[in-house]
Amino acid sequence: GEFIAAVAAAAAQDASAGWRCAMANAAAHRVAGLPDQVGADIWGGDNAARVAIGLRPGGRLVRGELDGRWSDVTGADLADWFLLTAGDRLVLVPRADVATLVPTATAGLPDAGLADLTVTALRVTDQRVFPVRADGVAVVGGAAAAAAVAGAADGLWRAHVAQVQQKLAASYGSAEVADLTVTTRQAARAAADIDAATLQIVASLSADPRDAARAQRQGAARARAAADRVLGTSRGHALDAADPVTRLWRDVHAGCRLALRLLDDLDR
């Protein structure tokens with residue numbers, strides 16, 4: 001619960017940082033469920049080593065040889081190790097063995113370190129191949145992704161409210177304030193939806209993995225809908241691409257798309 005709150009708080013300040021926080025720690029949490037030797041390999045020589053996880057189906061492990069392409073791997077730009085999905089296996093790969101790593105161009109989350117990577121004909125030992133586990137480890141990863149979306153939506157809401165307050169302070173009863181009654185009502189509804197989404201995500205941590213994934217999808221989608229409601233109630237946001245609220249809206253949508261895709265991958 002503290003982890004989810006920390007991810008949401010980071011995303012409210014900077015959506016890209018929140019997404020990095022979510023995925024880096026979800027990867028480390030998954031490593032913690034693997035044999036102790038894995039942790040020694042990763043952190044034995046560098047206790048600040050970073051792990052990125054690639055869950056998109058795209059890899060094949062045949063007779064000890066790994067080939068594949070994994071898309072939208074968060075934090076790939078700074079990762080020292082990669083935990084990559086290949087069918088029903090996870091394969092631990094050091095950065096030096098990645099053949100190509102190409103940054104992903106996205107409409108939102110510009111600083112999340114997203115990249116597509118490929119591995120070609122890489123020989124891997126049995127000590128770096130592990131079965132995929134359908135348990136609480138996956139629940140934490142899904143919750144972290146959904147929390148990053150809810151946190152970004154909360155940051156958007158706060159930026160919007162700050163702008164409304166600024167307009168009210170400078171309006172002195174002008175006609176421009178006439179639209180703010182509806183905007184304020186909609187903002188209050190959006191705030192309630194964001195709070196509900198966050199509570200739903202936290203509650204998912206103690207649920208059955210299948211029910212948890214459903215709740216996390218609903219939480220991410222509810223937060224995205226709240227962001228849409230905020231953006232749609234103010235003409236100013238939609239007309240200014242440089243507006244912080246508009247930028248955060250793009251981050252919310254990019255994060256929600258990645259979170260839902262991640263949850264689909266975890267289902268597989």
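Q: Is Cys 256 buried or exposed?
A: This is a predicted model, in which local features need pLDDT of at least 70, side-chain atom pairs count only at pLDDT 80 or more, and totals for chains, interfaces and linings use all residues. Residues are numbered from 1 along each chain as its sequence is written, and side-chain values use heavy atoms, leaving out hydrogens and water. Buried means under 20% relative accessible area, exposed over 50%, and partly exposed in between (1.4 Å probe, protein chains only). With a relative accessible area of 0%, Cys 256 is buried.

Q: How many disulfides are there?
A: A disulfide is a pair of cysteine sulfur atoms within 2.5 Å. The sulfur of Cys 21 has its closest cysteine sulfur in Cys 256, 19 Å away, which is too far for a bond. By this rule, the number of disulfides is zero.

Q: Which backbone nitrogen does the side chain of Asp 243 reach?
A: Helices (H or I, at least four residues) are DSSP runs, numbered from the N terminus. Asp 243 counts as buried, at 7% relative accessibility. At 2.7 Å, its side chain reaches the backbone nitrogen of Val 245.

Q: Leaving aside neighbours within four places in sequence, which residues is Ala 227 in contact with?
A: Ala 227 belongs to helix H6 (residues 209-232) and is buried at 1% relative accessibility. Contact means heavy atoms within 4.5 Å. With those neighbours set aside, Ala 227 is in contact with Leu 156, Trp 249 and Val 252.

Methods. A polar contact is a pair of N or O atoms within 3.5 Å; within protein, one must be able to donate a hydrogen and the other to accept it, and residues adjacent in sequence count only if both atoms are side-chain atoms. Helices (H or I, at least four residues) and strands (E, at least two) are DSSP runs, numbered from the N terminus.
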